[in-house]
Amino acid sequence: MTAVLTAPETFVKTKRGKRSVLVGMSLVIVTLVIFCALFQQFVTPYSAGTQDLNNTLAGPSLSHLLGTDDLGRDVFSRIIVGARSALIGPAIIAFGAMLIGTLLGLTAGYRGGWYQTLVMRWVDLMFAVPQLLIAIVVVGVLQGSYWEAVLVLIVLTAPADTRLLRGATVAQRNLPYVEALRVVGVPSRRILAGHVWPTLMPLTVAQTFLNFATSIVTLASLSFLGLGVAPGAADWGRMLAEGRDLVVVNPWAAIGPGLAIALTAASMNIVGDWLLERLSSRGRARA
Amino acid sequence: MTGHEKLLEVEGLQITANVDGESRTLVSGINLTVDPGETIAIVGESGSGKSMTARALMGLLPDGVTVRGNVHYEGTQLLPGTRGRRLHKDFAMIFQDPFTMLNPLLPSGRHISETLRDEKGRRLRKPAARAVEIERLAEVGIQDPTVATRYPFELSGGMRQRVGIAATLASNPTLLIADEVTTALDVTTQAEILQLLKRVQRSRNVGMILITHDLSVAFSMADRVYVLYAGQLLEQSPSSRMLIEPLHPYTRGLLDSDPPLDHRAATLYSMPGSVPQASTVLHSCPFAARCAWAIEDCRTAATPLREIGGESGRSSACIRIEEIRGELGLVSEPSTADASGSEVGMSSSGAFLAVNNLRKEFSRGGRRVIALDSVSIEVAAGESVGIVGESGSGKTTLGRSIVGLETPTAGSIHINGVDATNYDALGHGQVAKLRTAVQMAFQDPYSTLSPARAVGPVLREALRLDNPQASNADVAELLKLVGLPASYARRKPAALSGGERQRVALARALARKPNLIVCDEIVSALDVSVQAQILNLLKRLRAELGIGYLFITHDLAVVRQITDRVYVLHRGRLVEHGPTGQVLDAPREEYTRSLVASVPQNTVTLL
């Protein structure tokens, strides 16, 4: 049997049909975060901006699950509200990078020649520059907004997708099924869109989740540095930066958003791995 | 050692795999014995469990696969026993693929001396090791001492297989297990390796278990043959007697589906259907669904192997064998040659396909390799022409050049009057015209269809190139043409067997209504019974649609069945050509003669 696509060695070993505990937990976390991002106004006990100056820097209690920050704002509510900016940006980055990467990677891998050289040298160039630094410079110097940061990160993330897709396409190009379609007379565009891309789809999905997870951390890093989001906004990176100074009085003001970033990013990774395994075993021939 | 002592006795061997949390039986109720110095063969199609059986004896089963039953070796019980290791150090296995069984980073000699130790249990010193290596290589017929220092990639497939055998013999085994050792080799090399194995087995007087799908290999090598089907033994018999009178309908069918080399059969006998999964036929005769003699009793109870009365040393699992024995003997009436079609020849109308002085060079790592050297062939409309050669003969390059997957270095190709030498230089309309003239079918059924797409959309896509209004009904008709039910349109390739995939691939080629199909080894990866089905399909399509074939193959028996004329290629050059029967019966060139002589025949003698 020749599996056209083999899943890379995965971090989470799952038996088909059964999910490991880790995958289950990750799915719960991801679902929870998405739910918070969508329905935050119905979930939060307090609004994110409400200040209670009589009750600043309170420790965790029943009324404030994770305590309050230096302006008396409820940390727990702010984490829930922060889920939106923590997800939307990375989702757009991952999706945008997938579109660009798939388009460039598929065509470069299939056509070859000068076009491939051009695309791949661009990819090399993008890999040569330190990503976070470029983002900091562009967003910081130009006083950019959240959306400009997202745009910059799309351009910086797309090369990884491009390289992955190009490699996979080159491997498919000389397989009999592609050659057979060429001999039958199916146009290249349709071979790519209708046959090669669906075959590589699991790979793309997994890479998109991976990008998603990385972008959560990158965007949070930017806002931690005060870039992209306005001061006072309920953003995990921003909250982490502001909570830093309050560690002694209410450590949850820093630990809360920190945990939220770490758990969401890790869960996204695990879910992506699990999806890759599921999707790529689906089309596989009988053993 | 007394005469009755068995070297190996296997009783009630059962192998189960754990798939998706449920256990699935792969092999059940295997009883077999090997006498000292005896060669037995286990014959079966893919999925029969023959390799699993061999691996169970070597302790090489993958994770999640468990084995039950008793194994005795020279009277000592080995199974049930420790799992995860070789059952006994006297067992050794030779593997199928000579290209992956050697470590590419070690010189070939090291594979032999790696496991050897001196009396004190230390590794051999270099000079001593080298001496042993050269001696062992000589035993497998490699006289050149420099081979020991060469790396596997510097050796040919046959040489590697020899090194592999020498390495296997290094530990002085008394039981050799050979798993499809010749399948990946060319016919001429195959014959040499088989002779070598026979010689080694005789001179060392070791027992040998030969695992193969090829009945003729089994008959020419083994003293006794076990026939395995869907995880159960169907027949056991001395090879000479099985060849004359098989005692199971399946064995009969296998013998009849094997295309004969010496004549052309009008239609090949082909068993309907395909091999079932072992776990679904545990409590019935596994062959019942495909058997012409099956009765209700065959489907309701397990059919263990039993001794056949009046014949010592033979057993069959067929419960009706006493009744149907007479009929079984009659089936093999060879339906002899219909020479029809072979007169088509070159008519005055000129060639449909004309290849003239074709030359193709590849550059590999700075070296120039000449794949084709001034090759000229002609194919008339509706004619079936064979291209025969071993690997490296350039036969596949020739086929690929004709459909434009390679661009020739020099020479010309004309198809139906259109210059098809360089597809890239042609206009869109001309290429489209060529696509409806010549199509191609590929060797590997497992990668010839897009894994992510269902059959129906793929066929409809091909149909719509000519007729944008093509409907599901047209797809169904196309499937029917290649003998598949319309419901297959919804299936993905993963849910199809190898033979079914080749049918779909042919259907896709037929969607363009070509006059000629280039068939590149399309049956070589298929089981014998399925191969016969596909060959019959090709014959039928030719009769019904008047399609011609350019049939590329290494298998002389297959080429005999399907082609009118044949070209013999050797190292990129045309050696000989002529009417198929004439070339195979009375080859003019030395190379063709050696090719014909290497084909193992259904005879028990030779070697």
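Within chain B, B:Arg359 lies opposite B:Ala410 of β16(B). The two strands belong to an open sheet of four, ordered β14-β13-β16-β17 (chain B), with antiparallel pairing. The edges are taken by β14 (367–379) and β17 (418–419) of chain B; each has a single partner strand, so one side of each is left without a neighbour in the sheet. Helix α11 (residues 395–402) of chain B packs on this sheet, where it touches β13, β14 and β16 of chain B. The direction of α11 makes about 115° with that of β13(B).

Attention now turns to chain A. Helix α1 (residues 21–43) of chain A spans only 27 Å between its end C-alpha atoms, whereas a straight helix of 23 residues would span 33 Å at 1.5 Å a residue. A bend of about 65° is found in α1(A) at A:Ala37. The buried residues of α1(A) include A:Val23, A:Ser26, A:Val30, A:Val33 and A:Cys36. An α-helix has 3.6 residues a turn, so residues three or four places apart point the same way.

Confidence in chain A averages a pLDDT of 84, and 91% of the residues score at least 70. Among the elements of chain A, helix α3 (residues 113–128) has the highest mean pLDDT (93) and helix α4 (residues 131–141) the lowest (85). Over residues 1–17 of chain A the pLDDT is below 50, and this stretch has 37 contacts in the model beyond near neighbours in sequence. Residues 283–287 of chain A also stay under 50, with eleven contacts beyond four places in sequence. Where pLDDT is low, the predicted coordinates should not be read in detail.

Methods: Residues numbered from 1 in each chain as written. Chains lettered and ligands numbered in written order. Predicted model: local features only at pLDDT ≥ 70, side-chain atom pairs only at ≥ 80, totals over all residues. Pairing = 2+ DSSP bridges. Contact = placed C-beta atoms within 7 Å. Axes fitted to C-alpha atoms, helices over the stretch in contact; angles between N-to-C directions. Expected span 1.5 Å × (residues − 1). Bend = angle between axes of the 7 residues up to and from the residue. Buried ≥ 20, exposed ≤ 12 C-beta atoms within 10 Å, placed from the backbone. pLDDT = per-residue confidence, 0-100.
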